[in-house]
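Here is a short briefing to read beside the sequence and the 3D view.

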Amino acid sequence: MTDWVLHLIDSGGYWGIGFLMVLENVFPPIPSELIMGVGGIRVGQGRMEMLPLMIAGTVGTTIGNYFWYLVGLKLGMRRIKALVDRFGRWATLDWGHVKALNRLFERYGQVIVFGFRFMPTFRTMVSLPAGLFRMGHIRFLLWTAAGATIWNLILAYAGYVLGYNFREIDKYIGPISTAVVVIIAILYVWRLITWKPSATKKH
C-alpha cells in the first residue's frame with residue numbers, strides 16, 4: 001500500500017493528496033498518517049508547498065466525512081429505530097440510549113465532531129451519528145474542517161521534520177491507535193456481557 005500511495009502522490013500531486021484523503025475517510029484502512037506524512041516530506045524536498053498541501057488534505061478529509069454524514073442523514077431515525085429494536089442487543093443500545101445521544105448531539109455536536117477528529121477509529125465514525133441526528137450541514141462541515149486542519153498539520157509537519165524517517169511517526173501514533181482499539185474492544189465485550197435495556201420507554 002505504501003508504494004501505491006507514494007506513486008499516486010507523486011503522479012497526482014495535490015489532487016492525489018486530496019483523492020487519497022477522501023478514500024482514507026471512506027475506507028479507513030488507508031492511513032492519513034502516511035498520506036499527510038509523505039506530503040510533509042515532499043514539502044521538505046521543495047516538491048510541494050505546505051499551504052496547498054493543507055488545503056488538499058483538509059478538503060479531502062471533509063469530503064470523505066461528509067459522505068458518512070449523508071449516509072446517516074439518509075438512514076434517518078425511523079430506519080435506525082427498526083435496526084436498534086432488532087439488533088440493539090449486539091450494539092449494546094436501546095432506543096433510550098439513541099435518544100440520549102440525540103440530545104447530546106443537539107447540545108454539543110460541534111465539540112464532539114471537532115474532538116473526535118483526533119481519535120483513531122472514531123474520527124470517521126462520528127460523521128454517521130452527526131448525520132443521523134441531523135446536525136446542521138454547515139456546522140458539521142466547519143467543525144470537521146477545523147479539526148481536520150489541525151490534525152493534518154500535525155502529520156504534515158511531522159513528515160516535514162522527519163523526512164524519509166517518517167515511519168518514526170508510527171512509533172508514537174501506532175501504539176496509541178492500537179491501545180485505543182484494544183480498549184474499545186474490551187469495553188464492548190464488557191458492555192455486551194453486562195448490558196441491560198435502559199428504563200427509558202422505546203416510544
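This is a predicted model: local features need pLDDT of at least 70, side-chain atom pairs count only at pLDDT 80 or more; totals for chains, interfaces and linings use all residues.

F105 is buried, with a relative accessible area of 7%; buried means under 20% relative accessible area, exposed over 50% and partly exposed in between, using a 1.4 Å probe and protein chains only. Residues are numbered from 1 along each chain as its sequence is written, and side-chain values use heavy atoms, leaving out hydrogens and water.

- F105 and F133 make a tilted aromatic pair, with 5.5 Å from centre to centre and 45 degrees between the planes.
- Because F105 lies in helix α4 (residues 95-116) and F133 in the loop between α6 (127-132) and α7, this pair ties together parts that are 28 residues apart in sequence.
- For pairing, rings of Phe, Tyr and Trp (its six-membered ring) need centres within 6.5 Å; planes under 30 degrees apart count as stacked, over 60 as edge-to-face and the rest as tilted.
- Searching the whole structure gives eight aromatic pairs.
- One of them is the stacked pair of Y69 and F140, at 4.5 Å centre to centre with 20 degrees between the planes.
- That pair links distant parts of the chain, 71 residues apart: Y69 sits in helix α3 (residues 50-91) and F140 in helix α7.
- Y69 is buried at a relative accessible area of 0%, and F140 is buried at 0% relative accessibility.
- One aromatic cluster is formed by F114, F118, W143 and W151.

**Salt bridges**

- The count is two salt bridges, where a side-chain nitrogen of Lys or Arg must lie within 4 Å of a carboxyl oxygen of Asp or Glu.
- R42 and D10 meet through their side chains at 2.8 Å, N to O.
- R42 belongs to helix α2 (residues 32-44) and D10 to helix α1 (residues 2-26), so this bridge links distant parts of the chain, 32 residues apart.
- R42 counts as buried at 6% relative accessibility, whereas D10 counts as partly exposed at 39%.
- R47 and D10 form a salt bridge too, at 3.3 Å, N to O.
- Since R47 lies in the loop between α2 and α3 and D10 in helix α1, the pair ties together parts 37 residues apart in sequence.
- Together, D10, R42 and R47 are linked in a network of salt bridges.

**Helix α7**

- Helices here are DSSP runs of H or I with at least four residues, and strands are runs of E with at least two, numbered from the N terminus.
- The 26 residues of α7 should span 38 Å at 1.5 Å a residue, and its end C-alpha atoms are 37 Å apart, which agrees; the expected span is 1.5 Å times one less than the number of residues.
- The buried residues of α7 include F140, T144, G147, W151 and L155.
- G163 follows α7 and has a positive phi, near 60 degrees.

**Confidence**

- The chain averages a pLDDT of 80, and 69% of the residues score at least 70; pLDDT is the predictor's confidence in each residue, from 0 to 100.
- Confidence is highest in helix α7 (residues 137-162), at a mean of 92, and lowest in helix α8 (residues 169-194), at 65.
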